[in-house]
Amino acid sequence: MLEETHRKISVLEERNLELVEEARRVEGEKRFVEGELVRLQKELKRLKAELERLKAPPLIIGQIKDVLADGRVVVKSSTGPDFIVSTSDYVSTELLIAGARVALNKQTLAVMGVLPPSLDPIVIGAEIISKPDTLYDDIGGMEDQILEVREAVEDPLLRPELYKKVGIDPPKGVLLVGPPGTGKTLLAKAVAKQTNATFIRFVGSELVQKYIGEGARLVRELFDLARLKAPSIVFIDEIDSVGAKRLELATSGDREVQRTLMQLLAELDGFNPLGEVKIIGATNRPDILDEALLRPGRFDRIIEIPMPNFESRTAIYKIHSKRMNRDPTVNLEELSAKSEGSTGADIKAICTEAGMFAIRENRDIVTMVDFEKAILKVLDEDEDKGMASGPMFA
Ligand SMILES: Nc1ncnc2c1ncn2[C@@H]1O[C@H](COP(=O)(O)OP(=O)(O)OP(=O)(O)O)[C@@H](O)[C@H]1O
Ligand SMILES: [Mg+2]
């Protein structure tokens, strides 16, 4: 009997121990879950706020046209008509001035905030901060053209008093015209490298935008930036994409391009002549340019970049083969004579091809034969291209 009781007690004691252990475990679990609850509640709050933020209707960007006596303002948004709207109390009234960029509520168009005036990121991106590493020495031939560009662009910026003394207005800008691959962009890069002025570079096609008026706005902002950063040089490459002749019959896309061109003309005219902004344009299609762009007073100087002659070609060969491991028998003058009618870009391609021929034969020295083969290859390809656009199926 006693034995029986002892056994029961020990069983109960064991059970008790187990239960105490269990209670401790559950207590711990409870604490953990409570912590988790707090964390999840925080997360929930954050997500709710995020959701709220995402669900908030977008704000429309507009511009204040007028501030009325009763505190309301007239705004213009991209939707078309002008509206009279009230403003949020959170917007301080001294910021509400005509011309300010503002954020509008989507439904009521109430002014919700004033935005800082901005330049389009495309425009900001156009300013060259790290300069290209092209030197005037990297340009073969073109001595007269280099001189002309420097005279027309650098001197007015660096020594305006010269022009004052003589009593003439310095040129506003130059237009570089010439066949593809003759070094127009190269020359502009060299100017960018040499000049201390801010260099703002733009490709004409970037100014052609999807929405009406956007291209013109870009041009305006581009020149605003140029004036802000004066002395500066604005380089518009492939200007024919906005500067093509204005036609009577035109699609709405063409008309948008024309608007951009007109803004460009207005900016060219608007300059104070001794202003410290100069323009360089480049194109290989001067024939399709609008006369208005070409008349004196816009691009004052039209600099023709010719096909390189014998001496220039030799110089270009020298530049592009400078770092090549040439066989001493390579005669650059002879090569130049053999590549009549090739541009600077062709010659660069010839030098690369010659190197490729050497590599193909496992040599690290480029021979005259390599160059001759390369000339045949590159100039033949050019001719083939000419054929394709010519009377191939005649
Ligand atoms: N006069 C030159 N001296 C040295 N290299 C030249 C010369 N002309 C052209 N090149 C070479 O050809 C390349 C192409 O020239 P570039 O881009 O300036 O041509 P482009 O006249 O602007 O042509 P496009 O009208 O097609 O824009 C240059 O990067 C350069 O390596
Ligand atoms: Mg070019």
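This is a predicted model: local features need pLDDT of at least 70, side-chain atom pairs count only at pLDDT 80 or more; totals for chains, interfaces and linings use all residues.
Let's start with the largest nonpolar core, which has 45 residues. Which of them touch the most other members? Those are Val-234 and Ile-280. Several elements give two or more residues to this core: helices H3 (143–158), H5 (184–194), H6 (214–228) and H8 (252–270), together with strands E7 (173–177), E8 (198–203), E9 (232–237) and E10 (277–283). The most comes from H6, with seven residues.

Now zoom in on Ile-280, please. Setting aside neighbours within four places in sequence, Ile-280 is in contact with Val-153, Gly-173, Val-174, Leu-176, Ala-188, Val-191, Ile-233 and Phe-235. There is also a second, separate core of 16 residues, with Tyr-317, Val-330, Leu-335 and Ala-349 among them.

Back to H5 for a moment. This helix is mostly covered, with eight of its eleven residues buried. The buried ones include Ala-188 and Val-191, and both of these are in contact with Ile-280. Lys-184 and Lys-189 of H5 are buried too.

Last stop: Pro-328, in the loop between helix H10 (310–320) and helix H11 (332–338). Is Pro-328 buried or exposed? It counts as exposed, because it has 8 C-beta neighbours inside 10 Å, and the cut-off for exposed is 12 or fewer. Finally, look from Pro-328 across to Ile-365: they are 37 residues apart along the chain, and their C-alpha atoms are separated by 9.6 Å.

Note on methods: Residues are numbered from 1 along each chain as its sequence is written. Chains are lettered from A and ligands numbered from 1 in the order in which they are written. A nonpolar core is a set of buried Ala, Val, Leu, Ile, Met, Phe, Trp, Tyr and Cys residues joined through C-beta atoms within 7 Å. A residue is buried if 20 or more other C-beta atoms lie within 10 Å of its own, exposed if 12 or fewer, and partly exposed in between; C-beta atoms are placed from the backbone. Helices (H or I, at least four residues) and strands (E, at least two) are DSSP runs, numbered from the N terminus. Two residues are in contact if their C-beta atoms, placed from the backbone, lie within 7 Å.
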